Amino acid sequence: MPSETLDDVDLRHVQLTCAPARTLSDDGSGGQCQTVVTRHGAITVAVAGNPTSDPVILSYHDLGLNHVTNFQAFFLYPEMRNIVNNFCILHVNAPGQEEGARTLPEGYEYPTLDELADTLTSVKNHFHLRSFIGFGVGLGANVLSRYATKYPNDVDALVLVNCSSTPAGWIEWGYQKLNIRHLRAGTMTTGTVEYLLWHHFGKVEECNQDLVSVYRQHFEKALNATNLGLLVDSYIRRNDLNIVRELDPNKKKDVRMIRCPVLNMTANLSPHIEDTVTFNGRLDPTLSTWMKIQDCGLVIDESPGKVVEAFRLFLQGQGYALHNRNSVGVGMGSRQSSLNTNTNANTNINANINNLIIDNNNDNNTTTTTTTAAANKDINITENPLNHPVA
């Protein structure tokens, strides 16, 4: 074959651009902050997204983080734009955990997790909310679960990451008490920083090291140690959620349970996998989906694309149409009245999401469905990963 002639090309006006360094600093995209007065003091709530939209997503952060450090990067992810543009987003900060928070006064009695859940009633009344979709991570997932249990009519659905439904174990309690002693003295020790990294990433050495370094610097330099110590103390004193899985329709109305659809998420490097499995075993299997995402620890930062896809399909399962705002049809923020809001989220996710394995375990019958692209086992969704649910 005759050789091809290659022409010389004169490249002009070529500029190299570097991706901005990952930062946990507030870039202003987290929304406008408002102060909400509650029975347990004032808290800061940031309003983002489409403030005129009726559907509301309410987020609650994890230990050592706030609405900026926990959710800013995730809600800025490009695939989240359609959700952000069509929903009003409320980011709730626990007392004293917001950016630049002053040290809480000496003698301040920090709220228990049940009381933190009750502060959401003040948020709901302040913003005149009818109901909301909860999005919580770690401590925030626990708080939102308590609220949904106590006020089932106020919560349309829950997306929970690394949620624990049980009290702190002796090892966690003992380790944290040592950390609290230093934190209340205003000291952020190396041991406390390592604990926080473990809490968020799990197997730190296998996670994204650039991201780990960013969080390490944040924990070492940017936290109000005294305020964090109060929050950690409240978290380790948590009581059991006392929710049960009741399958008898005639008995459901008389038991304490979460009655809204739940997307229960974790990562395979996370230290909280067993907590999420136990929690899932106490949920109504017709309303719950358990998801484990591979090759990450801090799932919403390390694998935001997979989380967004699952979140989008979960919302679709609750009756929210998934069209761009500029397209013809129902916007994502609109709910299709023809869809049953209590439809099992598994049905909708199973039919749409790619690259996943789905295991539906129902007593002695196990069915496995694999998509054509399932060789890439990045996401594992399970309706009930327990053979013997926890009552």
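This is a predicted model: local features need pLDDT of at least 70, side-chain atom pairs count only at pLDDT 80 or more; totals for chains, interfaces and linings use all residues.
At roughly what angle do the axes of H5 and helix H6 cross?

1. **H5 and H6.** The axes of H5 and helix H6, the latter spanning residues 190-201, cross at roughly 130° and come within 9 Å. Angles over 145 degrees count as roughly antiparallel and those from 65 to 115 as roughly perpendicular; H5 and H6 are therefore oblique to each other. The crossing in which H5 passes H6 is left-handed.

2. **Residues between H5 and H6.** On the H5 side, the contact is made by Glu172, Tyr175, Gln176, Asn179 and Leu183. These residues meet Gly191, Thr192 and Tyr195 of H6. By class, the residues of this contact comprise three nonpolar, four polar and one charged.

3. **H5 and H8.** Helix H5 covers residues 170-184 and helix H8 covers residues 225-236; their axes come within 8 Å and cross at roughly 155°. H5 and H8 are therefore roughly antiparallel to each other. H5 passes H8, too, in a left-handed crossing.

4. **Residues between H5 and H8.** H5 contributes Glu172, Trp173, Gln176, Lys177, Ile180, Leu183 and Arg184. Their counterparts in H8 are Ala225, Thr226, Leu228, Gly229, Leu230, Val232, Asp233, Tyr235 and Ile236. The contact of H5 with H8 divides into nine nonpolar, three polar and four charged residues. Glu172, Gln176 and Leu183 of H5 take part in the contact with H8 and also in that with H6.

5. **H3 and H4.** Helix H3 (residues 113-126) and helix H4 (residues 139-150) have axes that come within 8 Å and cross at roughly 70°. The two helices, H3 and H4, are therefore roughly perpendicular to each other, and their crossing is right-handed.

6. **Residues between H3 and H4.** From H3, the residues in contact are Leu113, Asp114, Leu116, Ala117, Asp118, Leu120, Thr121 and Lys124. In H4 they meet Leu139, Asn142, Val143, Leu144, Arg146, Tyr147 and Lys150. Eight nonpolar, two polar and five charged residues make up the contact of H3 with H4.

7. **Aromatic rings.** The structure contains 15 aromatic pairs. Ring pairs join Phe71, Phe74, Phe75, Phe135 and Phe311 into a cluster.

8. **A charge over a ring.** Tyr235, one of the H8 residues that meet H5, has Arg238 over the face of its ring. Arg238 lies at 4.3 Å from the ring centre of Tyr235.

Terms used:
Residues are numbered from 1 along each chain as its sequence is written. Side-chain values use heavy atoms; hydrogens and water are left out. Rings of Phe, Tyr and Trp (its six-membered ring) pair if their centres lie within 6.5 Å; planes under 30 degrees apart count as stacked, over 60 as edge-to-face and the rest as tilted. A charge sits over a ring if NZ of Lys or CZ of Arg is within 6 Å of the ring centre and within 35 degrees of the ring normal. Axes are lines fitted to C-alpha atoms, for helices over the stretch in contact, and angles run from 0 to 180 degrees between N-to-C directions. Helices (H or I, at least four residues) and strands (E, at least two) are DSSP runs, numbered from the N terminus. Angles under 35 degrees count as roughly parallel, over 145 as roughly antiparallel, 65 to 115 as roughly perpendicular and the rest as oblique. A crossing is left-handed if the near helix is turned anticlockwise from the far one by less than a right angle, and right-handed if clockwise. Contact means heavy atoms within 4.5 Å. Ala, Val, Leu, Ile, Met, Phe, Trp, Tyr, Cys and Pro count as nonpolar, Asp, Glu, Lys and Arg as charged, and the others, Gly among them, as polar.
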